[in-house]
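Visitor: Could you take me through the helices and charged pairs of this protein?
Guide: Here is the model, and then we can go through some questions.

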Amino acid sequence: MKRDPYVDRWLERKPAEPILRRARDVIMWADNRMGEYLKYGTVQFAFNGDFASFVHHDKKAVTLMFNRGAKITGKFPHLEGDGPSARFMRFADVAEVEARTAELTNIVMMAPPKKEPTGRARSASKARRSLSPSRRTSRRTSPET
């Protein structure tokens, strides 16, 4: 499990540091493809796209948000939410993280893959590369003589 040193520094002296560290350990150990980094001022866990992040982490409790949680299949009793995308798991203390380790591990292993674009949706750079040189237009104009 590779740890990001920026994440280590971010966790220091947070009110819920022990909870954050234990939840991080469970997530990172559950799937060795999972990575971590800082994004939007919090820790983001990612595999094949953003997977989960800590929200409400500046209190003594922690909420873990699963970005595409609605796509996670299976029954998980501590997974909250009924909106179109996100789901949440809350931890009041390290004991709750410990009690939910198996459930959290199974959720991580069920990480839905990020849907790849299909059909006509392509990035602008790919579209430019696909044009032949004769069809490309130049933004530069030649000086008039």
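**Salt bridges and a helix pair**

Guide: In this predicted model, a network of salt bridges links Asp 8, Glu 17, Arg 21, Arg 24 and Glu 36.

Visitor: Which parts does the salt bridge of Arg 24 and Asp 8 tie together?
Guide: The side chains of Arg 24 and Asp 8 form a salt bridge with an N to O distance of 2.7 Å. Arg 24 lies in helix α2 and Asp 8 in helix α1 (residues 5–11), parts that are 16 residues apart in sequence, so the pair ties together α2 and α1.

Visitor: Is Arg 24 buried or exposed?
Guide: Buried means under 20% relative accessible area. Arg 24 has a relative accessible area of 1%, so Arg 24 is buried.

Visitor: How many residues apart in sequence are the parts tied together by Arg 22 and Glu 98?
Guide: The side chains of Arg 22 and Glu 98 meet in a salt bridge, 2.5 Å from N to O. Arg 22 is in helix α2 and Glu 98 is in helix α3 (residues 94–99), so the parts they tie together are apart in sequence by 76 residues.

Visitor: Is α2 parallel, perpendicular or oblique to α4?
Guide: The axes of α2 (residues 17–30) and α4 (residues 101–109) come within 9 Å and cross at roughly 45 degrees. Angles under 35 degrees count as roughly parallel, and 65 to 115 as roughly perpendicular. The angle therefore makes α2, relative to α4, oblique.

Visitor: How many nonpolar residues are in the contact of α2 with α4?
Guide: Residues of α2, including Val 26 and Ile 27, meet residues of α4, including Leu 104 and Val 108. By class, the contact has one charged residue, two polar and, as nonpolar, seven.

Terms used
Residues numbered from 1 in each chain as written. Predicted model: local features only at pLDDT ≥ 70, side-chain atom pairs only at ≥ 80, totals over all residues. Heavy atoms only, no water. Axes fitted to C-alpha atoms, helices over the stretch in contact; angles between N-to-C directions. Helix = DSSP H or I, 4+ residues; strand = E, 2+ residues; numbered from the N terminus. Parallel < 35°, antiparallel > 145°, perpendicular 65-115°, else oblique. Contact = heavy atoms within 4.5 Å. Nonpolar A, V, L, I, M, F, W, Y, C, P; charged D, E, K, R; others polar. Salt bridge = Lys/Arg side-chain N within 4 Å of Asp/Glu carboxyl O. Buried < 20%, exposed > 50% of the residue type's maximum accessible area, 1.4 Å probe, protein only.
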